[in-house]
Amino acid sequence: MKFLPALAEHEKPVFRLVQNTIRSIYPNYYLAEIVDFFASLHSQEAISRDIAAGRVYVLLDGPRLAGTGTLRENHITRVFAAPDFLGKGVGHLIMEPLEGIIFENYDTAYLDASLPAGRFYDRRGYRTVRHEKWPVENGRILVYEVMEKTKIT
């Protein structure tokens, strides 16, 4: 597998992967309003802006997109593996280089963990530093964990 910065040509495949993962996995954990919130948060426009800014990375299995991750300074966002790659180590293959990039310049990496990913990040050495909440449609509230990992020196 190959990990590299996303190019403009990756915009639609990244968008499809993210949306497919949200729509197929998140309903097992969240109410419809929260699933819709995640889908709108990771819109094609948002992905396009992040690719243009050089913040998006892709993990390719040959020509196929296996996963993606986005960085904003030391904040890891939008880490998604294609549903058929879940449980096959793709998350680690995305996180390892993202953390490497962060730890070249920062002592701490942080992220906002969804329910499906919390245990994964915990096993990678992230610890919850606080809980946040975000109101979505119909009075529903998204509760999530802000997690940090400190560079090992």
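Helix H2 (residues 32–41) buries Glu33, Ile34, Val35, Phe37, Phe38 and Ala39, where buried means under 20% relative accessible area with a 1.4 Å probe and protein chains only. These buried residues of H2 pack against helix H1 (11–25), strand S6 (127–135) and strand S7 (141–150). The model is a predicted one, in which local features need pLDDT of at least 70, side-chain atom pairs count only at pLDDT 80 or more, and totals for chains, interfaces and linings use all residues. Residues are numbered from 1 along each chain as its sequence is written, and side-chain values use heavy atoms, with hydrogens and water left out.

Stepping back to the whole fold, the protein chain holds 5 helices and 7 strands, taken as DSSP runs (helices H or I, at least four residues; strands E, at least two) and numbered from the N terminus. Their order along the sequence is β-α-α-α-β-β-β-α-β-α-β-β. Of the contacts with a separation of 6 or more, 62% join residues 24 or more positions apart, a contact being heavy atoms within 4.5 Å.

As for overall dimensions, the radius of gyration of the protein chain is 15 Å, which agrees with the value near 15 Å for a compact globule of 153 residues; the radius is taken over C-alpha atoms, and the globule rule is 2.2 Å times the number of residues to the power 0.38. The C-alpha trace spans about 40 × 35 × 30 Å along its principal axes. Across the 153 residues of the protein chain, 46% count as buried.

Key: Buried < 20%, exposed > 50% of the residue type's maximum accessible area, 1.4 Å probe, protein only.
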